[in-house]
Amino acid sequence: MNDEISALIARLQDATTGLLWMSEIDAPLEVIHWSPSVLELTPEQLLKLTHHPLTTPVKRVAVDTFFAGATEEQDWFGEEERVIAEQYRNLVAILKQSLSNLQVYRVGEVNIDLYILGQTESGDWVGLATQAVET
């Protein structure tokens, strides 16, 4: 792993400290890194890398669409909610500034594994993994 990737991983770890992805469960955001052995991340390749059955449904979602609920402030927000929304805006900015081919992958139904992934200049895949439950 080169210095650029190490620095990005550290920035993402700092940016996600204390953040939880909220659904029917509150799940932490974990930083992930895969070497550039995968040139293009297809749903099938993602399922293999994450050890899901190849029949598991995969849905791609645009980054802005995915994070909209976490980054947009609402009239009813108190100070804590504003701080969390700002943390998410900072996180999205880091992802967009640092990665190309940035995409969100929703793997599964009801119990959903979420992967927010993009490529570094060196071709490594870096991003975040978390979970959601949607019944």
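**Salt bridges and strands**

Biologist: Which residue forms a salt bridge with K96, the closest N and O atoms being 2.5 Å apart?

Modeller: A salt bridge here is a side-chain nitrogen of Lys or Arg within 4 Å of a carboxyl oxygen of Asp or Glu. The partner of K96 is D64.

Biologist: Before we go on, where does this model come from?

Modeller: Local features need pLDDT of at least 70, side-chain atom pairs count only at pLDDT 80 or more, and totals for chains, interfaces and linings use all residues, as this is a model that is predicted. Residues are numbered from 1 along each chain as its sequence is written, and side-chain values use heavy atoms, leaving out hydrogens and water.

Biologist: Is D64 buried or exposed, or something in between?

Modeller: Buried means under 20% relative accessible area and exposed over 50%, with partly exposed in between (1.4 Å probe, protein chains only). D64 has 49% relative accessibility, so D64 counts as partly exposed.

Biologist: What is the bridge partner of V104 in β6?

Modeller: Strands pair if DSSP finds at least two bridges between them. Six bridges join β5 to strand β6 (residues 111-119), and these run antiparallel. In β6, V104 is partnered by I116.

Biologist: How many salt bridges are there by this rule?

Modeller: E44 pairs with K48, and E73, R82, E86 and R89 are linked in a network. The count comes to six.

Conventions
Helix = DSSP H or I, 4+ residues; strand = E, 2+ residues; numbered from the N terminus.
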